[in-house]
Amino acid sequence: QRFVLSGNLHGGSVVASYPFDDSPEHKATGFYSKTSDDEVFKYLAKAYASNHPVMKTGEPHCPGDEDESFKDGITNGAHWYDVEGGMQDYNYVWANCFEITLELSCCKYPPASQLRQEWENNRESLITLIEKVHIGVKGFVKDSVTGSGLENATISVAGINHNITTGRFGDFHRLLIPGTYNLTVVLTGKKENVTNLFPEKKEILLLTHIRKLLYKMFLKVFSTSFKKSLPCNLFSGEPEFKYIGNMHGNEVVGRELLLNLIEYLCKNFGTDPEVTDLVRSTRIHLMPSMNPDGYEKSQEGDSISVIGRNNSNNFDLNRNFPDQFVQITDPTQPETIAVMSWMKSYPFVLSANLHGGSLVVNYPFDDDEQGVATYSKSPDDAVFQQIALSYSKENSQMFQGRPCKNMYPNEYFPHGITNGANWYNVPGGMQDWNYLQTNCFEVTIELGCVKYPFEKELPNFWEQNRRSLIQFMKQVHQGVKGFVLDATDGRGILNATISVAEINHPVTTYKTGDYWRLLVPGTYKITASARGYNPVTKNVTVKSEGAIQVNFTLVRSSTDSNNESKKGKGASTSTDDASDPTTKEFETLIKDLSAENGLESLMLRSSSNLALYRYHSYKDLSEFLRGLVMNYPHITNLTNLGQSAEYRHIWSLEISNKPNVSEPEEPKIRFVAGIHGNAPVGTELLLALAEFLCLNYKKNPAVTQLVERTRIVIVPSLNPDGRERAQEKDCTSKIGQTNARGKDLDTDFTNNASQPETKAIIENLIQKQDFSLSVALDGGSVLVTYPYDKPVQTVENKETLKHLASLYANNHPSMHMGQPSCPNKSDENIPGGVMRGAEWHSHLGSMKDYSVTYGHCPEITVYTSCCYFPSAAQLPSLWADNKRSLLSMLVEVHKGVHGFVKDKTGKPISKAVIVLNEGIKVHTKEGGYFHVLLAPGVHNINAIADGYQQQHSQVFVHHDAASSVVIVFDTDNRIFGLPRELVVTVSGATMSALILTACIIWCICSIKSNRHKDGFHRLRQHHDEYEDEIRMMSTGSKKSLLSHEFQDETDTEEETLYSSKH
């Protein structure tokens, strides 16, 4: 709504207050902060006060302020007392609206019996103020040719530095007190005239420097006016290009050229073939001013000074980026952080940084290891020279190479280009950071010897650089482009590496597998590789006109056909469930939310009117949670996990379509905050997340599906006792960090946990082993840590843990830059915003370590702010910073591997052990389900269950979808670890051998026995003459008989003799 006049009704005094409410000096009281419309505001305030019986006296006589008086019942806001962030100032500065603040009574909340009198006091004043909306001048701004109203035209009043803009139909209302004024109407692309607004030619020239308010208006006009006519969506395979201007605030030519380029591209799209083709084939990003604060300080006509060069903190932004040779000790500035985040968010291919002070194109490297002026060659030196020449050749003065003869008579740049370090050494430059940390090739273009030329010279700058600007953008279409695809399913592979033989500078693919690699003409050996795939190398010839398309199709290291031989007979993998259309729909949603700007679109379509204006005490938190459950009983359940040392409840809120009902097929995620009571930001973020999900359930389709397919458990305050002792705005104080017994709870997660808070979490959440992911929120820095917090040599599943931590950091606007810039740690550098816990703050007994070791659940810890307990005023911005990251965790928990284990009869097998990559173990839940998060790539799975044969399989995990695994067990027929058939065969053969051996032995023994008897018989037959002797001997003494009977030697000899005869 384009409001013209407004009144903001307050209480506590009786006076009409008008802008400004604060001043640059922020003096507590007594400083008159005048607006450009001070006379109008005084007129409006008097209109109200003069009709109020008490206010017009200027003597409200409020208790405690009996001596306070206001002339005519009105006051300038800042003159009364300084108020930062007031609404009336915002209305005046950022909208067309004039607002005053009306203090209506000394008592802020008077008894109801006084309301009638208050109405009588204010009725006439209220009506009078409404009538004042019709003072001043009003009218329409129309196109003289078509007669249609012109929206966003600027209405300027001579002598009053405050403009307004026209509405949708060209209508405007400008409040003015009686008098004579000169009005001017301006619309970009139109002549400055009130009644004759003729369209200009599309070959536009800037005739003036665009200052702060007009700058914002200019960008707004072009972002809305051409939204439908220009192709703004990202298409796979379309390269990203960027120009950045005004990095040094007093170097303004680049800023003005980019504003002109915006208009030139928009106005000529669809009519100029060159522009149309460029816009349709390229995604062009233009940042006219990287240093708007410095620009506001700069001075027109400046040639050599440094006024406005640095940002408002007085740091040179082009010495503020992480450097390959030098440790940058200056704190990373907000502009630097914002730009690095932006450059990490898009797969930029080519870029130029527009400066002033000379006339040359400067290419990497900007510094060298020795820190001296010498040629510092990058691996792509030939490419950089080519793209630099593409700009300088179109600028005849630049190409001559002697730019500033009067200022630097000895300076010479052959063909108008130079290696940065060979010119002079610049550590911490942006162009080198682009080349080393992203896929982007960036050069720095110096546009003129005068840093801030007079506006009359701007048309000449446009003429000199227009062709160069266009020609340079075309260079983004040189070299090699294409896609890296998965041979199995044809999908693009994210973060595949494209390397060129003999050029040590690889680039990586984007989300759909697309890549661009700038190269000069020639023949190259190019290799595409990715984790879990066999690399592919191709010989490619690059030509001078246009990029050649080269696609790579990579085969997984163990292809599906080979996988089948490695799997158990019943193991199968899939990423689809064609039998369930709702599952397919949800899989599509997860892919969409994983895509670029997927989460942004979710947030834009969501109701996000959250009241983040104060912290919740324990009592407030309890009431808030009960209120959610009362208002959303079908998707929430509130549980008391236990009590703190001082007997406060430790609340657990479940959000799901079937709260408190076991759904083992759904992934379960845990959010925990407040383990340290002095860091309550996490608590407030989790309360905001819970409210966000509840508010948008059944209103936002994406949120609805996430809630219905996820079991979300939120523990907002693990240490409520410590939280009650902590104090707001204590950024470094440790008061409240421990529980009431003085124990740091993050050192008590052991098998002998001693604290009630720790026991409650262990027994009721962690030991249930049914969570797929846990996110803990803490404070004291801005980073994410992953297990382990204890010092260990190796970390199992490190890639997955680091992947989860990086996912959170990458969805945060600044965390992934790795520069928390916390007080007393300004030089702290955390690559990617992610670090193993032990490397950051090593300690034993942490919750994340216990969760991984005993809960079989990966857990990351997010440190949300440098200040432990920041002001409540920072909560909205902290929620804005972390909202996307928190939602990304709800999306990520639906990836990894979803599995189902059953036997051949279809019976689910619970409590089976799933071993991943020979290290990580999880157990199947009730119903045979299991779920585990894994980093994208190929992973090995072993499934073990008592009474069944062990199963082996491999699965490929995508970055944007879950992989499904169904494992079918065979009954274990093994005996002593060997197959039953083998054991039976060997046993049978062994028994047969034993039986045969026994038979042979028996036969031999039998033969021997028969031969012995037969031998004595034959002897007796042939020696009858001895019979008498034997008979006679038998009548002798018994002793003689026995002695003769046991003469074994004789018997043996006889037997041997007999045997030898045969």
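Tutor: Start with helix H25. Its buried residues pack against five elements: strand S27 (668-673), helix H22 (756-764), strand S29 (773-778), strand S30 (783-786) and strand S32. Packing here rests on contact, that is, heavy atoms within 4.5 Å. Helices (H or I, at least four residues) and strands (E, at least two) are DSSP runs, numbered from the N terminus.

A word on the source. This is a predicted model, in which local features need pLDDT of at least 70 and side-chain atom pairs count only at pLDDT 80 or more, while totals for chains, interfaces and linings use all residues. Residues are numbered from 1 along each chain as its sequence is written, and side-chain values use heavy atoms, with hydrogens and water left out.

Now the helix itself. The buried ones are Met847, Lys848, Asp849, Tyr850, Ser851 and Val852. Buried means under 20% relative accessible area; exposed is over 50%, and partly exposed lies in between (1.4 Å probe, protein chains only). After H25 comes histidine 856, with a positive phi near 50 degrees.

Next, one neighbour in detail. Strand S32 spans residues 859-863 and includes glutamate 859. Glutamate 859 is buried, at a relative accessible area of 1%. Its side chain has a polar contact with the side chain of serine 774, at 2.6 Å. A polar contact is a pair of N or O atoms within 3.5 Å; within protein, one must be able to donate a hydrogen and the other to accept it, and residues adjacent in sequence count only if both atoms are side-chain atoms. Lysine 848 also comes in here: its backbone nitrogen lies 3.2 Å from a polar atom of the glutamate 859 side chain.

Leave aside residues up to four places away in sequence, and glutamate 859 touches Arg670, Ser774, Ala776, Tyr786, Pro787, Met847, Lys848, Ser851 and Val852. Met847, Lys848, Ser851 and Val852 are among the buried residues of H25.

Finally, the wider setting. The protein chain has 30 helices and 41 strands. Of its 1062 residues, 51% are buried. Take the contacts between residues at least 6 apart in sequence: 74% of them join residues at least 24 apart.
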